Protein chains: 2
Amino acid sequence: MSASASTPALIALDWGTTSLRAYLLGEDGAALDTRASPAGIMKLPAGGFDQAFEETCGDWLDAHPLSAQLPVIAAGMVGSAQGWVEAPYVETPAGAAALVAGIVTVKTARGGIVHVVPGVLEKGVLPNVMRGEETQIFGALASESALNEAGGALIGLPGTHAKWAFVGNDRIERFYTFMTGETFGALRDHTILGRTMHPSATHDEPAFVRGVDTARDAGHPGLLATIFSTRTLGLTGQLSAEQQSDYLSGLLIGHELRGLNEVLARDQSSLVGRTLRLIGNDALCDRYRAALARFGCDDAATVAHATERGLYRIAALAGLVGAPVRAA
Amino acid sequence: MSASASTPALIALDWGTTSLRAYLLGEDGAALDTRASPAGIMKLPAGGFDQAFEETCGDWLDAHPLSAQLPVIAAGMVGSAQGWVEAPYVETPAGAAALVAGIVTVKTARGGIVHVVPGVLEKGVLPNVMRGEETQIFGALASESALNEAGGALIGLPGTHAKWAFVGNDRIERFYTFMTGETFGALRDHTILGRTMHPSATHDEPAFVRGVDTARDAGHPGLLATIFSTRTLGLTGQLSAEQQSDYLSGLLIGHELRGLNEVLARDQSSLVGRTLRLIGNDALCDRYRAALARFGCDDAATVAHATERGLYRIAALAGLVGAPVRAA
């Protein structure tokens with residue numbers, strides 16, 4: 001590694017509702033160090049954003065000869081109305097240059113400048129918003145040639161609020177939010193469905209796939225009805241208490257993909273044989289890949305390092321690191 | 001009223017998970033007195049079923065010359081595995097005679113006999129179960145000639161777990177369960193959707209109808225996606241904090257009716273122009289009627305007294321009251 005590559009050039013923050021992840025990046029964008037903190041914007045310490053930032057990144061700054069000059073970039077809910085500073089949404093179609101133009105800054109107690117990346121808003125009958133995912137998407141686009149083919153790309157970001165984004169010409173054209181993770185938690189922990197579930201240390205793949213297939217198959221009466229089968233398959237001895245959680249997870253992810261298929265059908269397309277990419281934690285992306293396979297989609301690799309690559313890319317476009325790169 | 005009609009002939013119990021409703025019925029089936037108790041099977045007093053029964057109906061029995069001989073019939077979760085005595089499910093297609101044949105009895109501390117009506121099970125890929133609704137359905141069939149036309153009838157029972165039953169030849173042929181009420185509560189109270197809602201004393205009909213229409217209209221990506229609009233319509237100033245709860249309620253009921261329409265489509269049918277009946281509390285049935293109208297269904301009256309009529313009808317078929325009536 002060259003001396004310049006190992007010199008810290010950027011602090012990059014992925015600052016969400018329930019966690020803060022910090023990356024110390026070199027001139028070439030490689031991570032020199034990383035930190036994870038539970039200090040999401042809803043779980044801040046008494047000293048607020050400044051204290052959370054100091055606790056997580058203070059020693060990086062202490063080690064830097066001109067600590068107030070080490071640039072800092074942040075994406076996620078840190079830019080929401082409840083964040084450190086509000087960075088108003090950029091509207092779709094949104095390219096990286098629009099995100100750079102929407103950056104809002106806030107000064108730290110130490111005198112440094114934090115550059116907060118805006119989220120993206122899609123107006124319409126069913127408006128959609130994202131904060132943080134837009135940065136991951138631009139990180140994925142930088143490294144995945146498969147996503148830049150003509151006709152546009154599809155990127156999935158599984159999670160509490162799963163996102164599916166359609167990208168073309170290096171812009172986020174439209175996207176959908178599925179409250180899959182949060183709905184799963186609410187149903188498991190706060191409805192009758194959880195009462196017959198026993199926790200299991202291992203993932204039950206057949207139960208998961210059965211849930212996916214049930215949601216996928218046509219002619220059923222929809223999610224509000226299919227979820228009740230989590231209980232009735234148990235009552236009739238067809239699903240053990242240990243299998244019910246994975247079955248319900250498969251059902252909900254299956255309903256999400258079925259909904260995505262309905263969206264694709266508007267363009268005479270479907271998931272069958274499609275190339276797409278996933279961004280998220282490995283275990284969850286594995287689940288989605290297994291579910292996508294049941295919908296005929298077998299090319300859905302996980303993009304690694306999308307978060308820090310996206311933050312670095314936007315910082316570079318903003319002229320915070322390296323030679324200023326002109327936005328497309 | 002004749003002397004015989006005003007003589008108590010039957011104690012009829014609608015005993016569910018969270019409440020117990022008791023009816024003192026005369027020889028003609030009319031209610032002479034009613035009681036409501038919070039002693040559902042999950043909220044029993046220390047003395048269990050017997051004590052709850054005594055607290056609710058003890059004075060009726062005390063007033064009866066031969067109290068141990070006043071027949072008692074009960075339907076609902078009281079017959080579940082967690083109930084007073086388990087009355088195993090009767091399978092679809094299920095007529096009133098099958099319910100009578102499936103009655104299981106339990107002796108009270110006072111020496112009387114409680115006749116517990118079984119629930120109904122529909123086997124299949126998505127099994128369904130009901131306990132209590134089968135009795136209400138047979139009560140509705142007894143009084144509603146519109147439900148006994150050729151081609152079968154459709155009865156909706158809104159609630160925590162809404163049921164939709166297809167009835168033909170005086171039998172429950174098949175039915176569906178939609179976890180609409182419970183899912184609404186879980187989403188409102190245990191997801192981000194509730195955080196931007198303000199409670200409102202009044203029902204906001206336009207917000208409710210907007211939710212119904214959003215769920216109804218084709219081409220959308222499904223419930224997991226549409227529910228997020230409760231939040232984003234708020235973020236974009238299109239839905240006030242006071243409207244969001246009714247909008248979400250409309251969305252979920254709309255998704256239920258959309259699912260019901262998919263079921264009907266299998267038989268080349270739909271909700272448009274259909275005659276059906278509702279059983280349930282007035283405010284909730286009003287909501288369903290408003291939602292059904294958005295689906296083109298304007299003949300959906302609420303059936304009154306379905307619970308006690310059903311209990312009386314089954315008791316009569318079982319020979320517990322009046323002249324024994326032969327089941328069809």
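**Conventions**

I number residues from 1 along each chain as its sequence is written, and chains are lettered from A and ligands numbered from 1 in the order in which they are written. Because the model is predicted, I note that local features need pLDDT of at least 70 and side-chain atom pairs count only at pLDDT 80 or more, while totals for chains, interfaces and linings use all residues.

**Entry 1: domains of chain A**

I looked up the domain assignment, whose bounds come from an automatic or database source. For chain A it gives domain 1 (8-149 + 309-317) and domain 2 (179-302). The centres of domain 1 and domain 2 of chain A, taken over C-alpha atoms, are 31 Å apart.

Helices (H or I, at least four residues) and strands (E, at least two) are DSSP runs, numbered from the N terminus.

**Entry 2: helix H4 of chain A**

Which residues of helix H4 (residues 180-190) of chain A are buried? They are A:Thr180, A:Glu182, A:Thr183, A:Phe184, A:Ala186 and A:Leu187. Buried means 20 or more other C-beta atoms within 10 Å of the residue's own, exposed means 12 or fewer, and partly exposed lies in between. Within chain A, the buried residues of H4(A) pack against strand S12 (162-168), strand S13 (171-178) and helix H8 (244-265). In chain B they pack against helix H4 (180-190) and helix H6 (223-226).

I next looked at a helix pair in chain A. Helix H3 (residues 133-143) and helix H10 (residues 306-317) of chain A pack at an angle of about 90°, with their axes 7 Å apart. The axes are lines fitted to C-alpha atoms, for helices over the stretch in contact, and the angles run from 0 to 180 degrees between N-to-C directions. H3(A) is therefore roughly perpendicular to H10(A), a word used for 65 to 115 degrees, with under 35 roughly parallel, over 145 roughly antiparallel and the rest oblique. Residues making the contact include A:Ile137 and A:Phe138 of H3(A) and A:Leu311 and A:Ile314 of H10(A). I count by class seven nonpolar, six polar and two charged residues there.

In chain B, helix H3 (residues 133-143) and helix H10 (residues 306-317) pack at about 90°, with axes 7 Å apart.

**Entry 3: a sheet in chain A**

I find an open sheet of three strands in chain A, in the order S5-S9-S10, with mixed pairing. Strand S5 (90-91) and strand S10 (128-130) of chain A each have a single partner strand, so one side of each is left without a neighbour in the sheet. S5(A) runs parallel to strand S9 (residues 120-122) of chain A, and two bridges join them; two strands pair if DSSP finds at least two bridges between them. A:Glu91 has A:Leu121 as its bridge partner in S9(A).

**Entry 4: a hairpin in chain B**

Strand S7 (residues 104-107) and strand S8 (residues 113-116) of chain B pair in the antiparallel sense over four bridges. B:Val104 has B:Val116 as its bridge partner in S8(B). The hairpin has five residues between the strands, and B:Gly111 takes a positive phi near 100° in it.

**Entry 5: backbone details**

A cis peptide bond joins A:Thr92 and A:Pro93, with omega about -5°. A:Pro93 lies in the loop between S5 and strand S6 (94-95) of chain A. In chain B, a cis peptide bond joins B:Thr92 and B:Pro93, again with omega about -5°.

Is A:Asn169 buried or exposed? A:Asn169 counts as exposed because it has 11 C-beta neighbours inside 10 Å. A:Asn169 is not a glycine, yet its phi is positive at about 55°, and its place is the loop between S12 and S13 of chain A.

Definitions and conventions:
Two residues are in contact if their C-beta atoms, placed from the backbone, lie within 7 Å. Ala, Val, Leu, Ile, Met, Phe, Trp, Tyr, Cys and Pro count as nonpolar, Asp, Glu, Lys and Arg as charged, and the others, Gly among them, as polar.
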